[in-house]
Amino acid sequence: MKIDPGVADLIQQGLNNTQIASALGVSRVRVGDMRRALGVPNVSRCKMTLEERWASNTEAAADGHVVWTGERNPRGTPYLCHGSRMYTAYRVAFYIKHQHWPQGMVLPACEVQGCVAPDHVDDTEARQKVRRQLRFLSGGQMPAALCARGHDQDVHGRFEPDGTSYCNLCTRYRKHGEPS
């Protein structure tokens, strides 16, 4: 393969394939072929960290709330892409606060719809802990070890926001049908 010196120069300067293709009016595929021929690995288009990308799509609001200004999926969930992965803004906010990925779904714990403040989001584990505490503080008792259908509630037991207990496995079966 004939290597274009202009492309080779920009590859050596650290530009990615899209930047080089735009600057020189060649295809990204051709730039990629030349990059491989030169033995130079691809450069990520993403120069920001995940946290920086998240912050670039947020605005501070009153009372510590954070509003998402970035993209939303068709269901309205705020999300961002970083590298080759897609994340909800809630998951990234959780990660920013806790420095580990959440267990289960992450949702705002405050009253502000769509708030993505790291201090205002909880994963399934944290929500269940708060709901369990609410149940006991309001005089509720420990739920039975097994639900009516015999599912272990240490594994499948969940609590509603008001502290009412339910079996998550039974709920899933009602929504999606029994496994075959």
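D63 sits in the loop that links strand 1 (58-60) to strand 2 (66-68); helices here are DSSP runs of H or I with at least four residues, strands are E runs of at least two, and both are numbered from the N terminus. This is a predicted model, where local features need pLDDT of at least 70, side-chain atom pairs count only at pLDDT 80 or more, and totals for chains, interfaces and linings use all residues. Residues are numbered from 1 along each chain as its sequence is written, and side-chain values use heavy atoms, with hydrogens and water left out. Here's a quick tour, from the whole chain down to single residues.

**The chain as a whole**

- The chain has eight helices and eight strands.
- Its radius of gyration is 24 Å, while a compact globule of 180 residues would have one near 16 Å; the radius is taken over C-alpha atoms, and the globule rule is 2.2 Å times the number of residues to the power 0.38.
- Along the principal axes, the C-alpha trace spans about 75 × 50 × 30 Å.
- Of the 180 residues in the chain, 33% are buried, where buried means under 20% relative accessible area, exposed means over 50%, and partly exposed is in between (1.4 Å probe, protein chains only).
- Take the contacts between residues at least 6 apart in sequence: 38% of them join residues at least 24 apart, with contact meaning heavy atoms within 4.5 Å.

**Helix 1 against helix 3**

- Helix 1 (residues 5-12) and helix 3 (residues 28-38) have axes that come within 10 Å and cross at roughly 70°; the axes are lines fitted to C-alpha atoms, for helices over the stretch in contact, and angles run from 0 to 180 degrees between N-to-C directions.
- Helix 1 brings V7, A8 and I11 to the contact, and helix 3 brings V31, M34, R35 and L38.
- Sorted by class, the contact has six nonpolar residues, no polar ones and one charged one; Ala, Val, Leu, Ile, Met, Phe, Trp, Tyr, Cys and Pro count as nonpolar, Asp, Glu, Lys and Arg as charged, and the others, Gly among them, as polar.
- L10 lies in helix 1 too, and L10 counts as buried because its relative accessibility is 14%.
- Leaving out neighbours within four places in sequence, L10 is in contact with L15, I20, A23 and L24.
- L10 and D119 are 109 residues apart along the chain, and their C-alpha atoms are separated by 43 Å.

- Strand 3 (residues 79-82) runs antiparallel to strand 4 (residues 85-88), and four bridges join them; two strands pair if DSSP finds at least two bridges between them.
- H82 has R85 of strand 4 as its bridge partner, and L80 has Y87.
- The two strands form a hairpin with two residues between them, and G83 in the turn has a positive phi of about 65°.

**Positive phi in the loops**

- D63 isn't a glycine, yet it has a positive phi of about 60°.
- D63 counts as exposed because its relative accessibility is 70%.
- Q99 isn't a glycine either, and its phi is also positive, at about 60°.
- You'll find Q99 in the loop between helix 5 (89-98) and strand 5 (107-108).

**Helix 6, residue by residue**

- T124 belongs to helix 6 (residues 124-137), and T124 is buried because its relative accessible area is 19%.
- Not counting residues up to four places away in sequence, T124 touches Q103, G104, M105 and R158.
- F136 is found in helix 6 as well, and F136 is partly exposed, with a relative accessible area of 35%.
- With residues up to four places away in sequence left out, F136 touches Q141 and M142.
- The C-alpha atoms of F136 and Q13 are separated by 62 Å, and these two residues are 123 residues apart along the chain.

**Helix 8 and what covers it**

- In helix 8 (residues 168-176), N168, L169, C170 and T171 are buried.
- The cover over those buried residues includes helix 7 (153-156), strand 7 (157-159) and strand 8 (165-167).
- G177 follows helix 8, and its phi is positive, near 90°.
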